[in-house]
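Please look through the sequence and the model shown below before reading on.

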Amino acid sequence: MSHETPLGSSAPHASCLDLWRERNDQLVRQAKVAQGLSLRRQQLAQDALEGLRELLHCLQGLPAAVPVLPLELIVICNFITLRASLAQGFTEDQAHDIQQGLERVLETQEQLEPRLERGLSGLWDSVLHSSSLLPELLPALHHLAALQAALWLSTDHLGDLTLLLQTLNGSQSGTSEDLLLLLKTWNLPAEESDAPLTLQDARDLRDVLLTASAYRQGLQELITGRLSRALSSLQEAASGLCPQPVLVQVYTALGTCLRKMGSPQKALLYLVSALKGGSTWGPPLLEASRLYRQLGNTAAELESLELLVEALSIPHSSEAPQLLIEVELLLPPPDPALPFHSGTQSQAKYLLASRCLQTGRAEDAAEHYLDLLALLLDGSEPKFSPPPCPPGPCMPEMFLEAAAALIQAGRAQDALTVCEELLSRMSSLLPKMPQLWGDARKGTKESPHCPPWVSATYLLQGHAWVQLGAQKEAISEFSRCLELLFRATHKDKEQGPASNCDQGCTSDVALQQLRAAALISRGLGWVASGQDTKALQDFLLSVQMCPGNQDASFHLLQTLRRLDRRDEATALWWRLEAQTKLPQENATWSLPLYLETCLSWIRPHDHETLLEEFQTSLLEPRDL
């Protein structure tokens, strides 16, 4: 028909326009019907998408004409909306569709030449500043601009987005760059009552943009510590067009923000609202555990973690997305640094197990660690290599913590079993003795983690034997630990500085404390065997290697007293007495949890009482 009738002929042109518009409205209705179906939804939506594609090809196959252009732009908007929602994201194809629409507008304005080197941002500037732009094009152009804004927001082109909104608002360069303010003041032109149907109108898109922008901005401010601004942005997001899954995330982030601002009760209200808001319970439960920990409510903290483990064990059935541009589509991918990232079931299980161990619930910790190891090792290879250190502990450290929890719970035999399993898995990484260190110069590739991990395993095995009353076996394990540690120290110096992962897992402080723990443990084994002279050597060496470890000094003091080495004991007592009167500095380093647990077993219970007892016994006059 278009080939037989001149484009300027009104009656046939109007007839074609009515047919094209009717086809657009039919496809929009089909797509909207597809939103409510389950089995045929995908096929109906795909058919509607193909129909819009064909209609768009038909329209763009003709020279650009002002009477047809509003409909053509609306078809482009419907096509982009449906395509992006089906793909659950924007691609370069959508940008190309927008570019074609803008070029068609410029064709009618006879301003197509500048487009070649200016890109999308330049095209928008040319279109919106065209003096001959007709008012009937504005509603469709603003609709297309809303989709352009969604694309740029989802791909972090915030500079281009800001310039576009400034132009749409009629702002001059250099005015407000606040995205939220620009979106709020964006005055969309009213659509005609008989306008073509749209899948999603421009006002709805603007509300989605406002919510997504507020949420993204609030998260960024929360991460960077600008808490007051984060609170304002997140509250803006919560009050906007916010679907339930996103609202749960927003409430969780608000809980995090208020907790950090020192308002735990307000934070708790938001977390309760998040838990009531949907089936995504992981993020608010994790944040609730942090809140209760800050408040010192350990029972509630652990209960939250138990519920978190249970929630993450339930498969998450995500609902089919609506055929619209929704807030989720414009958000960045999940980031472990964000407050709503609840992690995996194994990560939650580890958090629960470690907190039980830290808070003295050894029996619960032991069970949770065993469950965790079973979960992690299910279907795994018989041998494993240590991965790069994640924010949490490495896999071998989980074994070590499990063994420490079992010993703490009085299950020494189970602890030995866990240690044996760890050693068997580490055997592929650690060369056999006695060539353990001899191959270092020949280029043997072994993990720098292995000596400390294996040494720690021997240390824990020694304490398990102590609990079983086998002092000889215990001393043997402590000796193996020390031999490996001292050889590791020499080898580390030859190899140079450790990597970031090594420093995180086996820092110099941790190695120093590990050597002290092994020396004190073996010294206590000698004491239990009645060999105070050998114990004295270990305690002296531990004091020399770790001067800040008061536990070693107290054990040395007790041994000197038993050996009746009065002068040395008195001099040591004076030093310890002076140290207790000095202001204590807070430690700026942290130790692995298994090592902290082990150190607690060899720590004298009450330093002040011991000093008072020594003062009475050591400083009293001697009988002549």
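A crossing of two helices is called left-handed if the near helix is turned anticlockwise from the far one by less than a right angle, and right-handed if clockwise. Helices, here and below, are DSSP runs of H or I with at least four residues, and strands are runs of E with at least two, numbered from the N terminus. The model is a predicted one, in which local features need pLDDT of at least 70 and side-chain atom pairs count only at pLDDT 80 or more, while totals for chains, interfaces and linings use all residues. Residues are numbered from 1 along each chain as its sequence is written, and side-chain values use heavy atoms, with hydrogens and water left out.

With that definition in hand, α12 can be seen to pass α13 in a left-handed crossing. The axes of helix α12 (residues 264–276) and helix α13 (residues 282–295) come within 10 Å and cross at roughly 160°, where axes are lines fitted to C-alpha atoms, for helices over the stretch in contact, and angles run from 0 to 180 degrees between N-to-C directions. The two helices are therefore roughly antiparallel, a term for angles over 145 degrees. In contact (heavy atoms within 4.5 Å) are residues of both helices, including Leu268 and Leu271 of α12 and Ala288 and Leu291 of α13.

Helix α16, residues 362–377, has 16 residues and reaches 22 Å from its first C-alpha to its last, close to the 22 Å expected at 1.5 Å a residue, the expected span being 1.5 Å times one less than the number of residues.

In helix α10, residues 227–238, the buried residues are Leu227, Ala230, Leu231, Ser233, Leu234 and Ala237, and their cover includes α8, α9 and α11.

Turning to the cysteines, a search of the whole structure finds 0 disulfides, a disulfide being a pair of cysteine sulfur atoms within 2.5 Å. Cys481 is in no disulfide, and the nearest cysteine sulfur, that of Cys598, is 8.5 Å away. Cys481 counts as buried because its relative accessibility is 0%.

Taken as a whole, the protein has 27 helices and 0 strands, and 48% of its 624 residues count as buried.

Key
Buried means under 20% relative accessible area, exposed over 50%, partly exposed in between (1.4 Å probe, protein chains only). Angles under 35 degrees count as roughly parallel, over 145 as roughly antiparallel, 65 to 115 as roughly perpendicular and the rest as oblique.
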